Amino acid sequence: MLSNHIQNSMETARLVWSQLPNSEEGEFEEVGISKKNDSNGVESLDYEVIENYAYREEQETRGKLFASYQVSLKWFLALLIGVGTGLAAVFINISVENFAGWKFALTFAIIQKSYLAGLLIYVLFNLVLVFSSVYIVTHFAPAAAGSGIPEIKGYLNGIDAHGILLFRTLVGKIFGSIGSVGGGLALGKEGPLVHIGACIASLLGQGGSTKYHLSSRWLQGFNSDRDRRDLVTCGCAAGVAAAFRAPVGGVLFALEEVTSWWRSQLMWRVFFTSAVVAVVVRTAMSWCKSGKCGHFGAGGFIIWDISDGQEDYSFAELLPMAVIGVIGGLLGALFNQLTRYITYWRRNYLHKKGTRVKMIEVCLISVITSAISFGLPLLRKCSPCPASEVGCPNPPGMYGNYVNVSTLSSFSFIVQCKF
């Protein structure tokens, strides 16, 4: 009798639960960005240590040798995270600069005979790179779309979105960054490097990827979300250090921007990881200066190298600097607001039409960007470049950093001025 009553109550509760309104329609903010609660794709993480009886009993069974092993493994993983992130940054940068070098050299050779043919080759070269990038992201690693910093921020603050730290996301992020940056799109690889460092840290923390048979039981020493969070924090700092060659900047980014939990032990591991990245990057730069990296030049691993810039300023320059800052702030606010509305329109109208529309959108943006970057240098008059000028472009085939030449302006300058 009692069992029948309990069974009837459970069926009634199941019926009531099934009749609850679905949350997929979502609510809208003032500009229409939907809030979705997808329980299948997003989970919460518990970073707090639950000190109950079972936890204390487990800690008592572990001796000092096991504690020393855990500490040593954390520092060893920090070393591997630094080396892996640094090598990934080196691979991305060398690939981007070689693609850019081949593209500019081919375009330079063609525009001496026909500007129209040079435009066609330039646009097609960029389109192939961008298409490869968007195809990888849409068909192989959807979680690799975007910069990845918002997803990593969410993870470090207790939100685990599906697929953001998988091995295929790491591969898609690396090759997607190469295609999009090398294809001349108006974006950089700094944000993706943060996501790449986090993916490397997460994979090392779980011993590799069992799906692709790339795992090691010697590295499978951390099963708690708390330990994986600390490793991902090291990976974020390593990504910033690799992008800007700034170990301290990586530590500050991890401390101030991405995480809400912090400990003094974690700070030393994060700084050690960032320092390892800096050593790997500088070693690779020194090795590539001998000409073994193709079109890779003497520039840094950032798009704008200011190592030879002006070191001082005069008092009269402060007012123009302030005016530039005000104008930049206003334009930045306008840009953010327009981006918000455009993102809402793309998410709720354009991207609901399928993957093919996404690919067509990116390819169309690539064609427009390439045409603008090719045509803008033709609108200005040519002026001689002083031999002592640091920013003077080098013709293709000469020693130089092609990533600093993000448009075709230098090559148009060379052709017009016979530099």
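**Notebook: salt bridges, core and helix packing**

I started with glutamate 257, which comes out partly exposed because its relative accessible area is 43%. A reminder to myself: this is a predicted model.

**Entry 1, the H5–H9 bridge**

I looked up the partner of glutamate 257 and found lysine 153, with their side chains meeting in a salt bridge at 4.0 Å, N to O. Distant parts of the chain are linked here: glutamate 257 sits in helix H9 (residues 247-258) and lysine 153 in helix H5 (residues 149-156), 104 residues apart. Lysine 153 is also on my list as partly exposed, as its relative accessible area is 29%. I then ran through the whole structure, and the search gave six salt bridges.

Next I went to aspartate 230. Which arginines does aspartate 230 pair with? One is arginine 263, where the closest N and O atoms are 2.3 Å apart. Aspartate 230 is in helix H8 (residues 225-244) and arginine 263 is in the loop between H9 and helix H10 (264-288), so this bridge ties parts that are 33 residues apart in sequence. The other is arginine 269, with 3.8 Å between the closest N and O atoms. Arginine 269 belongs to H10, so its bridge to aspartate 230 in H8 ties together parts 39 residues apart in sequence.

Why does aspartate 230 count as buried? Its relative accessibility is 2%, and the cut-off for buried is under 20%. Arginine 263 has 25% relative accessibility, so I put it down as partly exposed. Through shared partners, salt bridges join Arg229, Asp230, Arg263 and Arg269 into one network.

I turned to the largest nonpolar core, which has 47 residues. Tyr155, Leu165, Ile196, Val232 and Cys236 are the ones that touch the most other members. Which of them gives the most? H8 does, with 10 residues.

Ignoring neighbours within four places in sequence, I get contacts from tyrosine 155 to Leu45, Tyr47, Asp160, Ile164, Leu165, Arg228, Arg229 and Val232. Val232 is on the core list above as well, and Arg229 is in the salt-bridge network.

I noted an angle of about 150° for H5 and H8, with 10 Å between their axes. Roughly antiparallel is therefore how I logged H5 and H8, given that the cut-off is over 145 degrees. The crossing of H5 past H8 is left-handed. From H5, Ile152, Tyr155 and Leu156 meet Arg228, Arg229, Val232, Thr233 and Cys236 of H8.

Last pair for today: helix H4 (residues 115-139) and H6. I have their axes 7 Å apart, at an angle of about 155°. That makes H4 roughly antiparallel to H6. Left-handed or right-handed crossing for H4 and H6? Left-handed. I listed the residues making the contact: Asn126, Leu129, Val130, Ser133 and Ile136 from H4, and Gly172, Phe175, Gly176, Gly179, Ser180 and Gly182 from H6.

How values were computed
Residues numbered from 1 in each chain as written. Predicted model: local features only at pLDDT ≥ 70, side-chain atom pairs only at ≥ 80, totals over all residues. Heavy atoms only, no water. Helix = DSSP H or I, 4+ residues; strand = E, 2+ residues; numbered from the N terminus. Buried < 20%, exposed > 50% of the residue type's maximum accessible area, 1.4 Å probe, protein only. Core = buried A, V, L, I, M, F, W, Y, C linked by side-chain atoms within 4.5 Å. Contact = heavy atoms within 4.5 Å. Axes fitted to C-alpha atoms, helices over the stretch in contact; angles between N-to-C directions. Parallel < 35°, antiparallel > 145°, perpendicular 65-115°, else oblique. Left-handed = near helix turned anticlockwise from the far one by under 90°.
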